[in-house]
Every structure is written in C-alpha cells, then in structure tokens.
Amino acid sequence: MPQPNEATRNPVEPVRLAVIGAGLMGRKHAGLIHAHDACSLVGICDVHPGCKAFADELSVPFYRDAVGLIEHEHPEGAIIATPNGLHSALAEICARRSVHTLIEKPIADALDEARRIVALEDDFGIQMLIGHHRRHNPLVQEARAIVNSGELGRLVAVSMLWTLYKPDDYYGVEWRCKRPGGGPTLINLIHEFDILRYVCGEIDRIYAQTSSAVRALDVEDTISATLSFANGAVGSLLASDTTPAPWSYEMTTGENPYYFHADENCYHILGTLGSLAFPQMARWRYADEGRMGWQHPLEASCVDVPPADPLVKQLEHFCRVVRRVEAPIVSPRDAAQTLAVSLAALESAESREPVEVMPV
C-alpha cells in the first residue's frame with residue numbers, strides 16, 4: 001500500500017521517526033521519542049545483533065541495516081547516532097529515500113565528508129538538522145538574546161573554561177584515544193565552539209596549543225586557545241579533562257544529571273556596556289551609564305531562566321522540521337563551520353601557528 005507523503009499526511013498524527021545506531025546517544029533518542037506524544041518510534045537499526053534486546057524493550061522492530069528499516073517501516077525522519085565516519089553514507093541512504101534526518105554531532109570527522117552532507121540537502125530537497133543540542137538550552141538561548149539585544153554594548157571579549165576530570169575508564173574505549181574522532185576537542189569542545197559561534201559570532205582565526213602530558217595518550221588532555229571573531233572581539237579558551245575542577249558547561253548548567261552540579265560560571269561574555277556570567281546569568285553594568293569608570297559602583301542583576309531538557313526541545317524542533325513548519329536551527333553548513341573551527345584548533349596546535357578559519 002502506498003505511504004502518505006508530506007502533502008497528504010495529517011499534521012496532527014505523530015511524526016514517524018526511526019533511530020539508526022543504538023549506542024549511548026541512539027538509545028537516549030529512542031527513549032525520548034518513545035515517551036513523546038508528538039512522535040512515534042517505528043524502528044531501530046544497528047549492525048550489532050545484541051541491540052535487538054533494546055528494541056524489544058520498546059516493542060519496536062529491529063533491523064541490521066538502514067535500507068531495510070526505511071523501506072519496511074517508512075519513517076518520515078531518522079536520527080543518525082552512529083560513529084561519525086558513517087554519517088555521510090547513512091545520510092545519503094536517507095536522502096535518496098526522502099527521509100529527513102537529525103545527525104548527531106559532530107556532522108563528520110572531516111570537512112570533505114561534511115561537505116558531502118551539505119550537498120545532500122540541496123540535491124534531494126530534504127530537511128537536515130545537526131545535533132548540537134545545547135543551542136536548544138534556554139540558558140544558551142537567553143545568552144544569545146542578551147548579546148543580540150545590544151544590552152552589553154559592543155562585544156569586546158569572551159572567556160571560556162571547560163575543566164573537569166574524566167574517569168580513567170572513560171579512555172578504556174579505543175576510539176576516544178585516537179584520531180580522527182578522539183580527544184576532548186572533537187568530543188567535547190566542539191560543543192563549546194558551537195555555542196561561541198551561536199552566541200558571540202563567527203570565529204575567523206584561532207591559535208591553540210595542546211598537551212598530552214598527564215594521560216600520555218595520542219590525543220590531547222589539555223588545550224588553550226586564543227580566538228578572533230569576525231566582529232572584532234577576541235576570546236580565550238582553556239580546557240582540560242584531567243583536573244578536579246567544576247568550571248565546565250556540564251557541571252555548571254545542570255543540564256545532565258549524570259554530572260556533579262556546581263553553582264559556578266564557565267563563560268564570561270564582555271561588552272562595552274556590561275558583562276554576562278554564564279550560566280548563573282548575572283549581568284554586570286554601571287547604574288548610571290553616564291558615570292562609567294572603575295571608581296563607580298557596578299550593579300548585578302540575574303535573569304531567571306526556566307530550565308528545560310535541550311534534547312527534548314531538540315526532538316520537538318526536529319518534528320517541526322520534518323513537517324516543514326520550521327527551518328533547522330543547526331543546518332549542515334552551520335555545523336560544518338563548527339567542525340572547521342574545531343579542526344583549525346587541532347591544526348594550529350600541530351603547526352604551532354595561528355590558523356585562519358575559512359567559510360565552509
């Protein structure tokens with residue numbers, strides 16, 4: 001029997017979604033879909049037969065290949081949560097069958113693969129969303145709104161810390177210890193670079209240095225970088241996954257209950273009229289803008305931002321993207337630019353020279 005297309009499908013019906021890749025993030029996505037009224041989980045795909053037990057728990061069909069899943073279950077959209085190197089091939093399988101996709105971050109391991117995914121959107125006329133889910137966090141949305149409103153004046157600088165201690169067994173997984181996909185820059189800091197671009201503007205130059213001295217792995221455990229933004233602002237980033245410290249997005253935002261929560265800040269955004277500490281959302285400025293200077297008192301005010309699970313918000317957004325009600329908040333080209341910044345940081349550390357970040 002022919003399946004209804006986008007034009008004839010009742011928009012009130014739950015959006016039919018599939019999950020390709022049943023690892024940690026794939027299972028998280030599958031659980032969220034299964035629990036949400038706006039969508040229905042029609043199948044799970046993974047090359048490992050042991051993942052069938054998880055599909056059975058959710059009472060959905062299990063497939064070993066994406067083609068079989070799509071052709072038998074006819075999803076409207078698919079979430080691709082496989083290793084990064086498989087993203088472009090699976091995105092093409094979906095695109096050729098008119099299935100819209102949400103691809104987990106990073107979009108790919110390399111820019112040429114990212115560009116292949118960018119081309120699919122135009123070639124096949126599908127909607128593609130990339131899973132930089134932190135853009136959906138209300139705290140990030142509020143920080144962007146404050147910067148864009150001009151309340152802080154002209155952006156001057158931003159300082160970012162990402163410091164915590166990863167348990168030693170985290171690196172018991174081989175791919176996390178090697179290139180192209182391993183190391184905190186591509187696993188973790190790609191999130192930070194994406195937030196910087198989203199809130200503060202495009203990064204056009206980066207000068208980085210890394211160290212592997214503590215863990216002695218092939219990938220870095222510590223990185224520092226200076227950043228130049230296209231709008232004239234500058235920035236600094238210091239990151240390490242080998243220090244007992246609370247100054248990271250994960251620990252300060254409370255976004256993921258798995259992490260210890262600390263009432264601290266990890267970003268400081270500085271403008272000519274004021275500054276913002278994130279995620280406590282304290283705004284500092286002079287009470288009288290006509291009397292500015294270090295001898296005058298500063299006042300602080302905090303914005304109360306109601307919490308929300310960004311993965312749930314991203315799923316709801318993806319459902320609207322599939323139905324073409326909204327444009328993707330993170331397009332493939334946008335995500336490819338975040339990848340370009342992350343790769344430029346590693347290139348700079350390797351060459352010990354500043355690297356210009358070119359538009360993708």
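Where is Asn84 found? Asn84 sits in the loop between β4 (77-80) and α4, and that loop is one of the stops on this short tour. The model is predicted, so local features need pLDDT of at least 70 and side-chain atom pairs count only at pLDDT 80 or more, while totals for chains, interfaces and linings use all residues. Residues are numbered from 1 along each chain as its sequence is written, and side-chain values use heavy atoms, with hydrogens and water left out. Helices (H or I, at least four residues) and strands (E, at least two) are DSSP runs, numbered from the N terminus.

- At 17% relative accessibility, Asn84 counts as buried; buried means under 20% relative accessible area, exposed over 50%, and partly exposed in between, with a 1.4 Å probe and protein chains only.
- The side chains of Asn84 and Asp109 are joined by a polar contact of 3.1 Å. A polar contact is a pair of N or O atoms within 3.5 Å; within protein, one must be able to donate a hydrogen and the other to accept it, and residues adjacent in sequence count only if both atoms are side-chain atoms.
- Not counting residues up to four places away in sequence, Asn84 touches Lys105, Pro106, Ala108 and Asp109 (contact means heavy atoms within 4.5 Å).

- Ala66, Gly68, Leu69, Ile70 and Glu73 are buried in helix α3 (residues 66-73).
- The cover over these buried residues includes β1 (15-20), β2 (39-45), β3 (62-63) and α4 (87-95).
- Asp65 caps the N-terminal end of α3, with a side-chain oxygen 3.3 Å from the backbone nitrogen of Val67.
- Just after α3 comes His74, which takes a positive phi of about 50°.

**Packing of α5 with α10**

- Helix α5 (residues 111-124) packs with helix α10 (residues 332-351) at an angle of about 170°, their axes being 9 Å apart. Axes are lines fitted to C-alpha atoms, for helices over the stretch in contact, and angles run from 0 to 180 degrees between N-to-C directions.
- The two helices, α5 and α10, are therefore roughly antiparallel to each other; angles under 35 degrees count as roughly parallel, over 145 as roughly antiparallel, 65 to 115 as roughly perpendicular and the rest as oblique.
- On the α5 side the contact is made by Leu111, Ala114, Ile117, Val118 and Glu121, and on the α10 side by Pro332, Arg333, Ala336, Leu339, Ala340 and Leu343.
- Nine of the residues in the contact of α5 with α10 are nonpolar, none polar and two charged. Here Ala, Val, Leu, Ile, Met, Phe, Trp, Tyr, Cys and Pro count as nonpolar, Asp, Glu, Lys and Arg as charged, and the others, Gly among them, as polar.

**Salt bridges**

- Side chains of opposite charge can pair when their charged atoms come close.
- The structure holds 22 salt bridges, each being a side-chain nitrogen of Lys or Arg within 4 Å of a carboxyl oxygen of Asp or Glu.
- Lys52 and Asp56 meet in one of them (3.1 Å, N to O). The two are four residues apart in helix α2 (residues 52-57), so about one helical turn separates them. Lys52 is partly exposed at 40% relative accessibility, and Asp56 is partly exposed at 42%.
- Arg283 forms a salt bridge with Glu151, the closest N and O atoms being 2.5 Å apart. This pair links distant parts of the chain, 132 residues apart: Arg283 is in strand β13 (residues 282-286) and Glu151 in the loop between α6 (138-149) and β7 (155-163). Arg283 is buried at 16%, whereas Glu151 is partly exposed at 23%.
- Glu356 and Arg205 also meet in a salt bridge (3.0 Å, N to O). Glu356 lies in strand β15 (residues 355-356) and Arg205 in strand β8 (residues 203-211), 151 residues apart.

- Ile146 has its place in helix α6 and is buried at 3% relative accessibility. Leaving aside neighbours within four places in sequence, Ile146 is in contact with Glu151, Leu152, Leu276, Met281, Arg283 and Val303.
- Cys177 lies in the loop between β7 and α7 (184-200) and counts as buried at 12% relative accessibility. Beyond its neighbours within four places in sequence, Cys177 is in contact with Tyr171, Leu217, Asp218 and Val219.
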